[in-house]
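Reader: I have a structure to look at and have not seen it before. Can you walk me through it?
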Amino acid sequence: MLTGDPPGERHWQLAAHDDRCNICHRPLRGARFYYEDADEAPAPRRGWTLCGDCSDAVAAQLGGLAAGAPLRLRVALGVVAAERALPEAERVAVGRSSERRFNTALIATVWAAFIVHAAAFVAIVVVIAHHH
Ligand SMILES: [Zn+2]
C-alpha cells in the first residue's frame, strides 16, 4: 500500500521545480529554503520556496515575533515581501546607480500587488487577534 512518493515529498519536488523565490521571484540557484505554515494555522495551509536572502530576512522577522503564533510565518513573509526590493529594481540598483530606466508604471503595479498582499496579511492577523 505504501508505494510511490508520499504526498509531502511530491509537493517538495513541485516546489523545487518552480525554481523561483516566492518573495523576490528571482531564479533560485543553489540554496533554496522551504517554509510551511504551522500545524495550527487555519486552512488552507501552504508552503513557500525562498532564496537564501529572503530566507535570512524571514528568519530575522520570525525572531521578532511571538513563538507559537499560528500566523507568524505569514506575517514574517508579508513583512519581508513588502520590505524587499523588486527583482527588477534590485538589478538596476546594483552598483547604487541612481538611474532608473525601468517602466515605472509596471513597477507601481507590482508594488501595489505587494502592498495588497501585505495588507491582507495584516488584516488576517488583526482579525485573529480580535478573536482572543
Ligand atoms: Zn528571494
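Reader: OK, how many helices and strands are in the protein chain?
Author: The protein chain has five helices and two strands. From the N terminus on, the order is α-β-β-α-α-α-α.

Reader: What is the mean pLDDT of the chain?
Author: The mean is 74, and 70% of the residues reach 70 or more.

Reader: Which elements have the lowest and the highest mean pLDDT?
Author: Helix H1, residues 7–18, has the lowest at 48, while helix H2, residues 52–63, has the highest at 90.

Reader: Where does pLDDT stay under 50?
Author: Residues 1–11 are one such stretch, and the model gives them two contacts beyond four places in sequence. Residues 92–99 are also below 50, with four contacts beyond near neighbours in sequence. Where pLDDT is low, the predicted coordinates should not be read in detail.

Reader: Switching to H5. How many of its residues are buried?
Author: Zero of the 27, so H5 lies largely in the open. Buried means that 20 or more other C-beta atoms lie within 10 Å of the residue's own.

Reader: And what span should H5 have?
Author: At 1.5 Å a residue, helix H5 (residues 104–130) should span 39 Å. Its end C-alpha atoms are 38 Å apart, which agrees.

Reader: Back to the whole chain. What share is buried?
Author: Buried residues are 15% of the 132 in the protein chain. As for contacts between residues at least 6 apart in sequence, 51% join residues at least 24 apart.

Technical notes:
Residues are numbered from 1 along each chain as its sequence is written. This is a predicted model: local features need pLDDT of at least 70, side-chain atom pairs count only at pLDDT 80 or more; totals for chains, interfaces and linings use all residues. Helices (H or I, at least four residues) and strands (E, at least two) are DSSP runs, numbered from the N terminus. A residue is buried if 20 or more other C-beta atoms lie within 10 Å of its own, exposed if 12 or fewer, and partly exposed in between; C-beta atoms are placed from the backbone. Two residues are in contact if their C-beta atoms, placed from the backbone, lie within 7 Å. pLDDT is the predictor's confidence in each residue, from 0 to 100. The expected span of a helix is 1.5 Å times one less than its number of residues.
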